[in-house]
Amino acid sequence: MDTISPVRKAIIPVAGNGTRFLPATKAMPKEMLTIVDRPVVQYALDEARQAGIEHIVFVTGRNKQAIQDHFDDAPELISSLSRSGKDAQVSELEAMLPAAGTVSFTRQQAPLGLGHAVWCARDLIGDEPFALLLPDMICHGPSGCMAGLMDLYGSTGGNVVGVEQCAPEEASKYGIVGKGDAVPHGFTVTEMVEKPKQGEAPSNYFLNGRYILQPEIFGFLARQQRGAGNEIQLTDSMLKLSQTQPFHAHPYAGRTFDCGSKQGFIEANVAFAFARPDIGGMVFESVRDMVLSHQRRIHAA
């Protein structure tokens with residue numbers, strides 16, 4: 001590609017029902033479940049903004065009003081906190097509030113999969129490349145994963161995906177990419193395989209929920225037939241796009257937690273709590289004592 005168009009917009013899909021977290025998600029969006037003291041969706045938005053994204057497009061569904069309220073002004077709350085002298089909390093709330101006109105919401109009326117959710121944002125994205133962040137996948141490390149994708153995209157253009165390494169025997173659980181020639185901040189993707197059969201994965205680099213995609217993906221999504229789970233799969237259209245456009249991968253130096261699973265959600269809470277200077281030490285001691293107590297019970301059984 002002769003000219004590399006800037007990536008100004010990002011899609012964050014938040015239309016899922018969160019059935020794996022029932023009954024907690026019966027009346028509350030799963031994206032509003034908290035990792036320590038911030039909702040899951042806040043981490044995705046913060047990561048996008050830190051990477052230089054200017055406009056966020058949320059693809060929502062029914063019963064997701066709490067997400068819109070979270071990213072809206074709350075003058076009564078701010079006034080109450082100010083009167084109570086809680087200036088630190090006021091500053092924190094004001095800092096996380098997106099500037100006017102930098103957030104949009106569109107509706108996915110039916111749960112037809114990630115590919116369909118991305119396609120629902122087509123008119124808000126327009127004819128330009130965009131970032132995609134899956135909010136269930138929370139990155140924990142020195143910096144967000146999307147910033148690394150932006151660095152790689154700046155030198156290669158095309159399409160970029162975030163990847164991490166898993167144990168080779170676990171590759172069948174993920175979308176896996178083949179590793180080609182090295183480039184600054186990553187490598188060329190030679191192939192993409194969704195949940196390969198045991199022993200047939202081209203590598204142990206799995207897709208971690210961070211993407212930069214060219215707008216031509218919308219054309220493939222518009223014609224995409226339903227695939228696995230009777231849903232429109234994003235990976236199917238990415239495979240078709242890869243036949244005419246290059247894909248590169250950025251290996252993330254941190255760790256991504258799958259907060260769509262109960263295990264990943266708990267692990268993320270522990271990891272982020274450990275990293276907090278205000279509570280990290282206390283949480284570490286509590287977790288250590290619980291682990292030791294659990295081990296004693298096992299040995300005594």
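Trainee: Which helix does Glu76 lie in?
Mentor: Keep in mind that we're looking at a predicted model. Follow the chain to residues 75-83 and you'll find Glu76 there, in helix H3.

Trainee: And is Glu76 buried or exposed?
Mentor: Check its relative accessible area, which comes to 62%. Exposed means over 50%, so Glu76 counts as exposed.

Trainee: Which residues form the negative surface patch?
Mentor: Glu76 is one of them.

Trainee: How many salt bridges turn up in a search of the whole structure?
Mentor: Side chains of opposite charge can pair when their charged atoms come close. One example is a network linking Arg8, Lys9, Glu54 and Glu128. Searching the whole structure gives a count of twelve.

Trainee: How many residues apart are Arg276 and Asp37?
Mentor: Their side chains meet in a salt bridge, 3.1 Å from N to O. Arg276 sits in the loop between helix H10 and helix H11, while Asp37 is in the loop between strand E2 and strand E3. That pair links distant parts of the chain, with a separation of 239 residues.

Trainee: Arg276 also forms a salt bridge with Asp278, so how far apart are the closest N and O atoms?
Mentor: Arg276 is partly exposed at 25%, and Asp278 is partly exposed too, at 45%. Between this pair, the closest N and O atoms are apart by 2.8 Å.

Key:
Residues are numbered from 1 along each chain as its sequence is written. This is a predicted model: local features need pLDDT of at least 70, side-chain atom pairs count only at pLDDT 80 or more; totals for chains, interfaces and linings use all residues. Side-chain values use heavy atoms; hydrogens and water are left out. Patches are made of residues with over 30% relative accessible area and no salt bridge: like charges are joined within 9 Å, nonpolar side chains (Val, Leu, Ile, Met, Phe, Trp, Tyr) within 5 Å. Accessible areas come from the Shrake-Rupley method with a 1.4 Å probe; for residues, only the protein chains shown count as cover. A salt bridge is a side-chain nitrogen of Lys or Arg within 4 Å of a carboxyl oxygen of Asp or Glu. Lys and Arg count as positive and Asp and Glu as negative; His and the chain ends are not counted. The place of a charge is taken as NZ of Lys, CZ of Arg, CG of Asp or CD of Glu. Helices (H or I, at least four residues) and strands (E, at least two) are DSSP runs, numbered from the N terminus. Buried means under 20% relative accessible area, exposed over 50%, partly exposed in between (1.4 Å probe, protein chains only).
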